[in-house]
Amino acid sequence: MNCSQTEILIHALLDNELATSHAIDVEAHLRTCAACSEELAAFEITRKVVVQADLMEFAPTSLRKRLQLVPSPIVGATAPVVAAANSRGLGRRSFAPGLLLGVAVSAAVAATILLASSLPWIIK
Amino acid sequence: MCYRTRQSVVAVSWTTEPAAVLTHPEMERGWRFRQAALPHLNSVYTMASYLTRDTAEAEYAVQECFVRGLRGFDWYSGDGMKPWLLRILRDFCKAELTPRGKALVPPVSDRNEGPAGSPDLVPSSAAQVTPLRRCGARRVRRLIAELPEEFREPIVLRDIIQLSYRDITKVLGVSTDTLLSRLAAARSEVRARLRIGEQAAP
């Protein structure tokens, strides 16, 4: 075991993720190498600073409540969540194409009815 | 909670699922998913906060993660719900969310942020009082949020969410060697920015 190998493996040692055989080798190297021992000590402090800062986030209550509504079987599994997202301006799915399609279909139906009703006059 | 049916709207509680709900296959599946996934909500939200660095984006990403998780729940192998959800979240963020062009901001919660001038945290170990007091949780959070993504991910998954290496490799889709070298690089960066160990230098 040399210093460059130890440099990486000390992180697995700190995290208790090193296999026993490797841990024995790393610890043997650390006993004879002051530089690597100092590295281990410095990274142990670094790791503890991050862990003890306790940076886990708590999900907002409103989000938790929305997720408890998944699924809604008839209107679709995503409906409550997407509706909530849209109400917060978060939705990515625009309804504009659907609206335009609806207007176009309505216009076509109206034109057909008008044409059918005026057809007898045109034929005359 | 309300389930809309063609005949009526049935109000049900999500916590105490009545037998009637459990007989409906879709509802039963949704109930099983919630039971498995909701305990990991804070972890998923934490990862989303550090990936997106934006409150609204984080909430949106978590919502999509849960919706996609429910859709794919039939394919869940049972080999760890938390890494499975985090993988879905990460894939979604990579594929769907555009990188933020704005200045880096720390994740959004003020949970660890006291009034100006107050101590950020109270360390439990006397041995780490000096570096912790000097750094403060707020500064550590900002520092991690500003790390490049390939360094940010392993340190968040390991030191904040506290996943095992095995689970982290599943989330990131990398080998243990790659994870270890990224983790080493991330901690080196944090250590350098916090100037840990410099006082020992001559």
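## Basis and confidence

Residues are numbered from 1 along each chain as its sequence is written, while chains are lettered from A and ligands numbered from 1 in the order in which they are written. Because the model is predicted, local features need pLDDT of at least 70 and side-chain atom pairs count only at pLDDT 80 or more, whereas totals for chains, interfaces and linings use all residues.

The mean pLDDT (the predictor's confidence in each residue, from 0 to 100) of chain A is 76, and 65% of its residues reach 70 or more. Over residues 72–95 of chain A the pLDDT is below 50, although this stretch has 37 contacts in the model beyond near neighbours in sequence, a contact being two residues whose C-beta atoms, placed from the backbone, lie within 7 Å. Where pLDDT is low, the predicted coordinates should not be read in detail.

## Overall make-up

Chain A has six helices and zero strands, these being DSSP runs (helices H or I, at least four residues; strands E, at least two) numbered from the N terminus. Of the 124 residues in chain A, 26% are buried, that is, with 20 or more other C-beta atoms within 10 Å of their own, C-beta atoms being placed from the backbone.

## Helices α1 and α3

In chain A, the axes of helix α1 (residues 3–14) and helix α3 (residues 34–52) come within 10 Å and cross at roughly 35°, where axes are lines fitted to C-alpha atoms over the stretch in contact and angles run from 0 to 180 degrees between N-to-C directions. Residues making the contact include A:Ile10 and A:Leu14 of α1(A), together with A:Leu40 and A:Phe43 of α3(A).

Definitions and conventions
Buried ≥ 20, exposed ≤ 12 C-beta atoms within 10 Å, placed from the backbone.
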